[in-house]
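Good morning, and thank you for coming.

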Amino acid sequence: GIRKTYVFHQGGVETFVIRPGFRGKVEEFGMLIPMPAVPALRKVSDNVFPHVAAAIDPPEVVVYAGPQVAFNAAPAPAAPGGGAGFGGGGLALQKNQVVVEKEEAVGMYEVAVLRAGSAAALNKWMDDHGYKYLEGMDAACEDYVDIGWCFVAVKTKVGTKANVDP
């Protein structure tokens with residue numbers, strides 16, 4: 001399916017609006033999104049995507065293929081909540097530990113915001129709770145665990161309802 005993501009930055013707050021694309025059985029859908037801090041979650045109208053697309057005109061990208069020019073870049077700022085402090089709370093997680101920051105329904109999705117002591121612990125929690133954790137994600141997840149980011153785990157919430165085929 002067609003997926004879209006818009007990222008807005010205003011007043012020090014980043015807002016992500018995500019429309020996932022997926023083909024397959026709806027009950028097999030899932031996402032795992034690393035975030036630097038525990039996000040506020042809400043459903044937005046599907047109308048937001050055409051409105052945003054109409055409001056912005058994507059810039060033309062020009063690629064310069066000449067010799068590279070060296071420059072001195074300022075170091076990247078540290079990630080919020082960084083390291084073992086986990087959000088400034090001072091609580092370091094054990095390698096086998098997962099903390100559920102919050103769980104809620106957002107539209108047709110079940111969402112859990114998690115902090116994990118390791119990618120292996122995150123994988124186990126997700127497997128135990130019916131979320132999808134794909135093979136090969138450990139190295140990337142471990143990088144986010146190391147810098148103290150949280151994870152937004154998303155799955156579809158499909159209930160049984162007469163005469164409904166998801």
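How many salt bridges does the count come to? Before I reply, a word on the source: this is a predicted model, in which local features need pLDDT of at least 70 and side-chain atom pairs count only at pLDDT 80 or more, while totals for chains, interfaces and linings use all residues. Residues are numbered from 1 along each chain as its sequence is written, and side-chain values use heavy atoms, with hydrogens and water left out.

The count comes to 4 salt bridges. By salt bridge I mean a side-chain nitrogen of Lys or Arg within 4 Å of a carboxyl oxygen of Asp or Glu. Let me describe some of them.

One joins the side chains of Arg115 and Glu101, at 3.2 Å from N to O. Arg115 is in strand S5 and Glu101 in strand S4, so this pair links distant parts of the chain, 14 residues apart. Helices and strands here are DSSP runs, numbered from the N terminus: helices are H or I with at least four residues, and strands are E with at least two. Are the two partners buried or exposed? Arg115 counts as buried, at 6% relative accessibility, whereas Glu101 is partly exposed, with a relative accessible area of 37%. The cut-offs are these: buried is under 20% relative accessible area, exposed is over 50%, and partly exposed is in between, using a 1.4 Å probe and protein chains only.

Another salt bridge is formed by Glu110 and Lys155, whose closest N and O atoms are 4.0 Å apart. Because Glu110 lies in strand S5 and Lys155 in strand S6, the pair ties together parts that are 45 residues apart in sequence. Glu110 counts as partly exposed, at 27%, and Lys155 as buried, at 13%.

A further one, between Asp128 and Lys124, has an N to O distance of 2.7 Å. Both residues lie in helix H2, 4 residues apart, about one turn of the helix. An α-helix has 3.6 residues a turn, so residues three or four places apart point the same way. Asp128 and Lys124 are both exposed.

I turn now to the interior. In soluble globular proteins, nonpolar side chains tend to be buried together. A nonpolar core, in this talk, is a set of buried Ala, Val, Leu, Ile, Met, Phe, Trp, Tyr and Cys residues joined through side-chain atoms within 4.5 Å. Which members of the largest core touch the most other members? Of its 14 residues, they are Leu32, Leu114, Leu122, Met126, Tyr133 and Cys141. At least two residues of this core come from each of strand S5 (109-116), helix H2 (119-128), helix H3 (138-146) and strand S6 (150-156). H2 supplies the largest share, 4 residues. There is also a second, separate core of 9 residues, including Phe29, Met35, Val106 and Val111.

Contact means heavy atoms within 4.5 Å. Leaving aside neighbours within four places in sequence, Tyr133 is in contact with several residues, among them Leu32, Leu122, Met126 and Cys141.

Beyond its neighbours within four places in sequence, Ile33 is in contact with Ile18, Cys150, Phe151 and Val152. Ile33 is itself buried, at 18%. The C-alpha atoms of Ile33 and Val154 are separated by 8.3 Å, although these residues are 121 residues apart along the chain.

Finally, the helices. In H2, Ala119, Ala121, Leu122, Asn123, Trp125 and Met126 are buried. What covers these residues includes S3, strand S4 (98-106), S5, H3 and S6.

How do H2 and H3 cross, and at what angle? Their axes, which are lines fitted to C-alpha atoms over the stretch in contact, with angles from 0 to 180 degrees between N-to-C directions, come within 8 Å and cross at roughly 110°. That makes H2 roughly perpendicular to H3, since 65 to 115 degrees counts as roughly perpendicular, under 35 as roughly parallel, over 145 as roughly antiparallel and the rest as oblique. Ala119, Ala120, Leu122 and Asn123 of H2 make the contact with Asp138, Cys141, Glu142 and Val145 of H3. Thank you for your attention.
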